[in-house]
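Let's take a quick walk through this one, starting with the aromatic rings and moving on to the ligand.

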Amino acid sequence: METTEMTRIPVQKTTASRLAETDFSDLRFGDKFADHMLEMRYTDGQWGEPSIRPYAPIQMTPAASILHYGQGVFEGMKAFRREDGRITIFRIDKHFERFNNSCKRLNIPEIPFEVFEQGLIQLVDLDREWIPKNKFKALYIRPFVIASDEYIGLNTSQNYRFFIISGPVGNYYREGINPIKLTTMPDYVRAVEGGVGFAKIPGNYAASLLPTHKAKEMGYTQVLWLDAKHRKYVEEVGSMNMFFVVDGKILTAPLSGTILPGVTRDCVIQLGKEWGIPVEERPVSIDELIEANKNGTLEEAFGSGTAAVISPVGLIHHKGYTITLDQDKMGPIAQRLYDTITSIHHGLEKDNHDWCTIV
Ligand SMILES: Cc1ncc(COP(=O)(O)O)c(C=O)c1O
């Protein structure tokens, strides 16, 4: 991806790097943070100047709007270390587009593209030693914005703080790239039409925690969300979009406002079509999948997301019926997608789509 010109963001470097004491051999997901962070504040109707400083706790009034009404938005993206030592950030423009679409829905002022892009590039460059050298690991990047008015009346905030933090991560699921187990939870829904399902905002995730906890207690990895109206169309999983290969076709839920428009989902659809595999974005009911499982045409099920890339699904439970797929490995389409996308991340395959920004 070509980068736009912007003046360099001022940097205050850390004098106490935590890099040397960080154990890169035991990386989980989301519990380690790189040395620096970016902040930019919104006051008096405009965004101020961004700056980068050492990663540290932030001060906030206990009356800050974000703490009470959740007016905030976040993104999840990744940077990778290539074999030639160069660093790439994946699909900046697509994450930026989703970030601002989420902001619009929560009445938060949009972030200028130049700051988002330049902030990511400078921050990743500064903390490049934090990017793991292993192909299965990456630097996870978390841009986010929070409402910072000191006011506990329900109102659109007048003040905001935009941050970018990052940290090295390993596998998202305990299963690694082995098949995960899903269950529907027909008593709970994640999103409704006209609501906020398409936005990457804290409330969506907070509301998913109890059903996910229950699913885990029953031995499943995640909940497979069904649509709120009919409770039968498959939507997505906690942090992944869902795909099914039925009779040689790739099926996935449409972007009708209730699912997150996944960046990896977009890669899967583009690649699938380029490979000549029919891709159908349409409502897929759980009954259709059970039927396909019974008649032997359900070939694969997998999720897509920045955190897990492609994650095969080995089992889906729904109201006493269990769909079982290959329990031991990824199906051929999931494997091809996983290999292609991770090879593009790591510069082992040509980036024909201009998905990578080299730092
Ligand atoms: C609810 C939900 N669906 C799908 C995804 C996958 O989106 P992406 O591929 O952009 O990471 C995510 C992760 O961000 C998610 O949180």
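There are 14 aromatic pairs in this predicted model. Take phenylalanine 33 and tyrosine 55: their ring centres sit 5.4 Å apart with the planes at 5°, so this pair counts as stacked. Where do the two partners come from? Phenylalanine 33 belongs to the segment before strand 1 (36-43), while tyrosine 55 is in the loop between strand 3 (51-54) and helix 1 (65-69), so the pair ties together parts that are 22 residues apart in sequence.

Now for the ligand. It has 17 residues around it, and the closest are Tyr205, Glu236, Val263, Thr264 and Thr306.

| Side chain | Ligand atom | Distance |
|---|---|---|
| tyrosine 205 | oxygen | 2.5 Å |
| glutamate 236 | nitrogen | 2.6 Å |
| threonine 306 | oxygen | 2.7 Å |

On its own the ligand would expose 380 Å², and the protein buries 97% of that. As for where the ligand sits, the space it takes is the largest pocket.

Which elements build the shell?

Note on methods
Residues numbered from 1 in each chain as written. Predicted model: local features only at pLDDT ≥ 70, side-chain atom pairs only at ≥ 80, totals over all residues. Heavy atoms only, no water. Near = heavy atom within 4 Å. Polar contact = N/O pair within 3.5 Å; in protein donor to acceptor, adjacent residues only side chain to side chain. Areas by Shrake-Rupley, 256 points an atom, 1.4 Å probe, with all protein chains shown as cover. 1 Å grid on protein atoms, 1.4 Å probe; cavity = no way out; pocket = protein on both sides within 12 Å on 5 of 7 lines; lining within 4 Å. Sits in = over half its atoms within 2 Å of the grid points. Phe/Tyr/Trp six-rings, centres within 6.5 Å; stacked < 30°, edge-to-face > 60°. Helix = DSSP H or I, 4+ residues; strand = E, 2+ residues; numbered from the N terminus.
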